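Please keep the sequence and the structure in view while reading.

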Amino acid sequence: MKLYSAQSSQAIDQDAIQNLGIAGLLLMKRAGFFAFDILQKTWPESRHIQVICGTGNNGGDGYIIAQYAHIAGFEVTVLQAGDFNKIKGDALLALNELKQLGIQPVPYSKETLQDADLIVDAIFGTGLNQPITGEIAELIEQINQTKKPVLAIDIPSGLDANTGAILGCAVQADITCTFITHKFGLYTFQGPEVSGNIHFSPLFIPKKLYQKQHELAQNHLLKFWLNTLPLRLASHHKGVSGTVCLVGGNSTMMGAIQLAGLASLKTGAGLVKVITRQEHTIAITQAIPELMCYPTEELLNQAGLANVMGIGPGLGLDDWGKQLFMQILDLPLNKVIDADALKHLATLAKEQDFPKNTHQNWVLTPHPGEAAQLLNTNTANVQKDRISAIKALHQKYGGVIVLKGNGSLIYDGKKMEICLAGNPGMAVGGMGDVLTGTIATFIAQGLSLWNAACLGVSLHAHAGDVLANQSGQPGILPSEVAQVMSQLLSYSDSPVS
């Protein structure tokens with residue numbers, strides 16, 4: 001699936017109208033018919049529909065839905081948000097058709113909202129680019145307070161189609177019917193919180209028009225990434241399954257590096273070596289005998305025997321952690337940098353110019369707070385435009401960047417992938433440590449940094465969803481995620497010869 005900006009969606013729409021001769025009103029009617037069909041299938045018992053229309057083309061879609069509903073025998077009320085005099089073009093044509101059916105839109109009032117079985121939100125479309133205030137903000141708040149089912153047209157009013165940020169306030173939709181393109185903002189940051197279930201129609205626009213526009217990101221199924229794994233032949237042995245060297249587990253944080261090691265083992269690493277504090281080595285080995293534990297004095301020796309290094313889980317911000325980070329920084333191995341190692345990296349970047357071209361051999365996996373430190377900004381700035389943030393991280397640090405969060409992003413400077421799996425139940429300490437060990441394993445097995453990061457993020461998120469479906473989101477443990485990832489690996493088309 002490809003995800004586009006609002007501007008690209010509008011460009012495809014205009015290209016279809018101006019160069020292919022598809023009437024704008026026809027596209028509007030296709031959108032309206034699709035949305036009305038979804039409405040009927042979702043809420044078959046509803047009889048009174050209130051359509052709230054803005055003054056732009058999104059409102060025009062609403063007028064069309066009202067037409068279909070009226071013809072189908074529904075009781076329809078159309079409420080107008082905004083000045084009738086601002087309605088023009090195809091939206092005005094749709095309004096005039098509605099009036100010919102005997103339906104006259106009326107100015108919105110709070111009282112009328114209480115009468116409907118369901119509400120259609122056709123106030124603002126993808127062109128909204130500033131916070132909603134005043135009467136429209138009050139209207140949206142009142143829509144949300146009714147607790148009536150809501151169908152949003154193209155995008156919930158108030159949601160930024162490009163960033164997923166709520167612009168002041170937003171309609172809380174149960175279903176969103178979106179058209180022409182999948183808008184990026186529906187799938188990231190606050191978008192999933194207000195969009196409900198998303199239904200998509202390209203409105204029969206020819207595929208060739210999409211080739212003129214560059215997507216913001218893509219999303220691939222888990223199986224696509226699983227099939228990048230190498231074959232496990234009958235002659236397979238631990239030496240060709242990859243050797244992972246993980247560094248971390250400072251005082252009071254032994255569990256973090258243990259979780260990373262568990263994930264590496266569960267995702268197929270041949271050997272997993274842990275560099276940690278001397279006093280932790282016995283306890284970790286007793287908990288997971290398959291892990292090979294070494295004191296910090298062995299760092300360079302073990303790094304020389306590894307295919308990849310992962311540093312950060314439980315590393316700490318003291319001198320012990322800093323020295324380990326500085327020791328591995330310029331090693332020629334591929335690396336996964338996470339957690340406290342990212343904070344050391346942010347500190348280093350503040351102290352000196354950072355030559356990103358010398359560090360293309362790593363995957364950085366920050367959550368929004370760590371990304372803010374790396375960019376010397378705040379978390380709110382990262383979240384309100386995650387695409388800009390991940391591009392800035394790559395510009396500054398190179399390699400492959402994984403910006404974790406709702407709709408995790410992966411970016412290598414050319415390609416961007418968004419992960420649509422995962423759930424809030426995964427917001428618990430240790431999940432990032434599991435991801436570090438997972439990505440490191442796939443790099444050790446020969447995958448490119450890009451493929452390893454994309455597979456690791458997708459597998460990790462889908463495992464969390466499996467657990468959520470089995471027993472609910474609260475109480476999902478990182479160690480359980482590692483176990484389920486091992487099971488999901490069997491869905492590859494080529495895990496064995």
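Thr-276 sits in the loop between β12 (271-275) and α9 (281-287), where helices (H or I, at least four residues) and strands (E, at least two) are DSSP runs numbered from the N terminus. The model is a predicted one, in which local features need pLDDT of at least 70 and side-chain atom pairs count only at pLDDT 80 or more, while totals for chains, interfaces and linings use all residues. Residues are numbered from 1 along each chain as its sequence is written, and side-chain values use heavy atoms, with hydrogens and water left out.

Thr-276 is buried, with a relative accessible area of 0%; buried means under 20% relative accessible area, exposed over 50%, and partly exposed in between, with a 1.4 Å probe and protein chains only. The side chain of Thr-276 reaches the backbone oxygen of Gly-248 at 2.9 Å. Not counting residues up to four places away in sequence, Thr-276 touches several residues, among them Gly-248, Ile-257 and Trp-320, a contact being heavy atoms within 4.5 Å.

Helix α8 (residues 254-266) has 13 residues and reaches 19 Å from its first C-alpha to its last, close to the expected 18 Å, which is 1.5 Å times one less than its number of residues.

Note on methods:
A polar contact is a pair of N or O atoms within 3.5 Å; within protein, one must be able to donate a hydrogen and the other to accept it, and residues adjacent in sequence count only if both atoms are side-chain atoms.
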